[in-house]
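Hi everyone, thanks for coming.

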Amino acid sequence: MSAATRRLTTAQALVRFLAAQYTERDGVRHRLITGTWGIFGHGNVAGLGQALVEYADVMPYHQGRSEQAMVHAAVGHARQLNRLRVQAVTTSIGPGATNLVTGAALATVNRLPVLLLPGDYFASHAADPLLQQLEHPVEADVSVNDALRPVSRYFDRVTRPEALVASALKAVRVLTDPAETGAVTLALPQDVQSEAHDWPEEFFADRVWHVRRPAPDPAELAEAVRAVRAAERPLIVAGGGVHHSEAEQALKALVDATGIPVASTQAGKGALRHDHPADLGGIGHTGTAVSDELARTADLVIGVGTRYSDFTTASGTLFQRPDVRFLNLNITAFDAHKLAARTLVCDARTGLTALAEALSGHRVDAAYEAEYRAGKARLEETVRAAFRADDDGAVPTQTQVLGALDAVVGDEDVVINAAGSLPGDLHKLWRARSPRQYHLEYGYSCMGYEIPAALGVQQAAPDTPVWALVGDGTYLMNPTEIVTAVQEDLPVKLVLVQNHGYASIGGLSEQVGAERFGTDYRHRAADGSFTGAPLPVDLAANAASLGMDVLRAKTVRELREALVAARAATRPTCVYVETAPPSAALPAEAWWDVPVAEVSAREAATDARTAYERSVADRRHHL
C-alpha cells in the first residue's frame with residue numbers, strides 16, 4: 001500500500017511545511033516561522049505569492065517596501081525572541097534578490113536566524129534569459145542569488161520539486177541550531193515554484209526542533225575552575241550569547257556569589273541590570289573608563305558568548321597585563337578558541353550554572369571589589385553629568401537627548417540603534433534596565449537597520465514601547481518601512497536626531513587625517529569648500545508625509561514633553577530634535593585601528609600617522 005500523498009505546487013508545499021515547524025527549549029514550544037515578509041515581482045508572485053494567498057490562514061504575510069529592510073525587520077524579530085522564532089522573506093529575482101545581501105550579511109555576522117526565499121531563473125531554461133536574469137557565459141547555473149552564498153549559513157537552489165524535502169529540513173536545522181545559525185537561503189526557480197508534485201503527508205506533519213543546551217566538558221570545566229580560583233583580577237566580558245541563551249539570571253548568580261565584575265559588549269549590554277554593583281558598563285573602544293581600566297590590568301578575562309570584535313579588544317591593545325589569560329565560554333568552538341583561550345564549549349546558561357556550582361565558596365579579594373565599585377561610582381557621576389540639562393530652554397546635546405529618553409522609558413521599553421555616533425554614547429551611558437532593553441546591532445553596524453528592526457521587535461512584543469534612535473544620515477538610508485508601520489498599525493516610536501551630517505565618521509575622518517571630507521550635509525561652493533549653510537531638508541516633514549505623527553522639539557523641555565507623548569501614543573510617532581554640538585565630547589577610553597596614510601603631503605595626515613604609530617605599537621597577540 002502506497003503512503004498517503006498530497007498534490008501541491010512546490011511553493012504551496014513549502015508554505016505548509018514552514019507553518020508546521022516548531023522549536024522547543026526548556027520544555028516550552030514555539031512556532032518557528034511566525035510570518036513571511038514579501039515584495040512581489042515576476043520571480044515569486046505566481047509561486048510563493050499564490051501560495052501565501054492559498055494558506056493565509058496558517059502563514060501571516062507582511063508587506064515590505066525595501067527588501068533589505070524586510071530582512072532587518074526579521075532579524076530584529078528573531079533577536080527579541082531569543083532566536084527561537086523566525087520570519088521568512090520572499091523577493092523576486094534580480095534586484096529584489098540582490099537587495100537581500102546586506103541584510104543577510106547582518107544576520108549571519110550577528111548569528112541571528114532569518115529565512116530568505118528569493119525567486120530565481122527557470123530551472124528548465126525554457127525562457128532564457130529572463131527579464132532581470134544575469135547571464136554567465138561559461139556557468140549557466142549561476143544567478144545573482146549566488147551573491148548570497150558567502151553571507152548565508154546555508155544555501156541551496158531548489159531545481160526540482162522533490163529536492164525541497166531534503167533542502168527544507170536542512171534549512172530548518174540551521175535556523176534552529178544555536179551554534180550555526182544565521183541567514184538561510186533557499187533560491188527558488190520560478191517554474192519550480194509553480195510545478196505540482198505528490199508530496200508525502202509526513203512532510204506536513206508538525207515537527208519540533210529541540211534547541212539544545214550542551215553542558216561543558218568535565219575536563220574543560222575543571223580547568224576553568226582552577227583558572228578562576230587562581231586569578232586575582234578576573235573580569236567577565238558578557239556578549240550577545242548571554243541574551244540568546246537567556247542566561248542573565250545564571251550570570252547574576254555567578255557574580256553575586258564570586259564578586260567578579262562584568263563589562264559588556266554592545267550585544268551583551270543588559271546582561272546585568274545597570275544598577276547591579278558589579279555591572280561596569282561597556283568595554284572596548286566605546287566602553288567606560290572603569291571597564292577599560294580593569295581590562296588593562298585583568299589577569300583572567302572570562303568571555304561569555306562574545307566573538308571579540310576589534311571594538312571589544314581595542315584592536316588588540318586593551319588587555320595589556322603581561323600574564324593575562326583568557327577563558328571563553330561559548331556555544332561555538334570557533335569563538336571559544338579565540339585569543340588562545342582555555343575553552344568551555346557549551347550553552348551560556350548551562351556553563352555559567354556549572355561554573356557557579358563548582359566555584360562554591362570562592363570570592364574575589366575585598367580590595368579588588370572595593371576598587372571596581374569606586375570606579376562604578378565615578379561612572380555613575382559621568383552618566384549624570386552627560387544627561388544633565390541645567391537650562392530647560394536650551395537646544396539639547398545628543399547626550400542630553402539620551403538623558404531625556406532615560407527619564408521616560410520603563411523597564412520593559414526597547415531602545416534600538418545601529419550606526420553613527422549614537423552607539424558610542426549609548427554603550428558608555430545607557431542604563432539598561434532589562435535584558436531586552438538595549439538593542440544595538442553593532443556586529444555589522446548597518447545604517448538603515450533601526451526603523452525596520454523596530455517593526456520586527458514590535459511584532460514580537462506588541463504591548464512593549466519600542467524606540468528607534470536614528471540620526472539624519474541613517475534616516476536618509478532607509479525610511480521606507482515607516483509606511484509599513486502605518487499599514488500594520490505598529491506604534492513604534494522614532495527619535496530622529498538631526499545634526500546635519502555624518503557625525504561619527506566625521507570625527508573619525510578628522511582623527512585619521514581625512515579632514516572631515518565628504519561627511520557634511522552643507523552646500524558646497526564652486527571651489528569644493530562648504531559654505532556653512534545647512535541644506536534645506538526637512539526630515540520631520542518627510543516622516544509626516546510617510547504617515548507618522550511628528551512631534552518637533554526645539555528645547556530640552558519640549559523634548560521631554562514630546563517623548564512622554566510619544567511613549568503614550570498608539571500610532572507610529574516621530575520625535576524630531578535638532579541637537580547642539582556637545583560642550584565636551586565623551587572621549588574614547590581605548591584605541592581602534594583605522595590605518596592612516598603612511599605618506600602624505602598634507603599636515604593633517606602626517607600628524608595623524610605619527611599618532612597612529614604610537615598607538616599601534618601597543619598591539620599584542622595573545623598566545
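Before we look at helix directions, one definition: angles run from 0 to 180 degrees between N-to-C directions, with axes fitted to C-alpha atoms, for helices over the stretch in contact. Please keep in mind that this is a predicted model.

With that in hand, find helix H18, residues 450–460: it lies across S18, S19, S20 and S21, and runs at about 175 degrees to S20. Now look at helix H16, residues 398–408, which also packs on the sheet. H16 touches S18 (414–417), S20 (466–471), S21 (493–498) and S25, and its direction makes about 175 degrees with that of S20.

So what is the sheet itself like? It is open, with six strands in the order S19-S18-S20-S21-S25-S24, and the pairing is parallel. At the edges sit S19 (438–440) and S24 (549–553), each pairing on one side only. On average, neighbouring strands are turned by 20 degrees against each other, direction ignored. Over at the S24 end, S24 and S25 (residues 573–578) pair in the parallel sense over five bridges, and Val550 stands opposite Cys574 in S25.

Let's move to the nonpolar cores. The largest has 66 residues, and Ile236, Leu251, Trp467, Leu469 and Leu563 touch the most other members. Which helix gives the most to this core? That's helix H15, residues 366–387, with six residues. Apart from this core lies another, of 47 residues, including Ala183, Leu455, Val470 and Ala540.

Finally, zoom in on Ile236: leaving out residues up to four places away in sequence, its contacts include Leu251, Val262, Ile302 and Val304. Thanks, and I'm happy to chat!

Conventions:
Residues are numbered from 1 along each chain as its sequence is written. This is a predicted model: local features need pLDDT of at least 70, side-chain atom pairs count only at pLDDT 80 or more; totals for chains, interfaces and linings use all residues. Side-chain values use heavy atoms; hydrogens and water are left out. A nonpolar core is a set of buried Ala, Val, Leu, Ile, Met, Phe, Trp, Tyr and Cys residues joined through side-chain atoms within 4.5 Å. Buried means under 20% relative accessible area, exposed over 50%, partly exposed in between (1.4 Å probe, protein chains only). Helices (H or I, at least four residues) and strands (E, at least two) are DSSP runs, numbered from the N terminus. Contact means heavy atoms within 4.5 Å. Two strands pair if DSSP finds at least two bridges between them.
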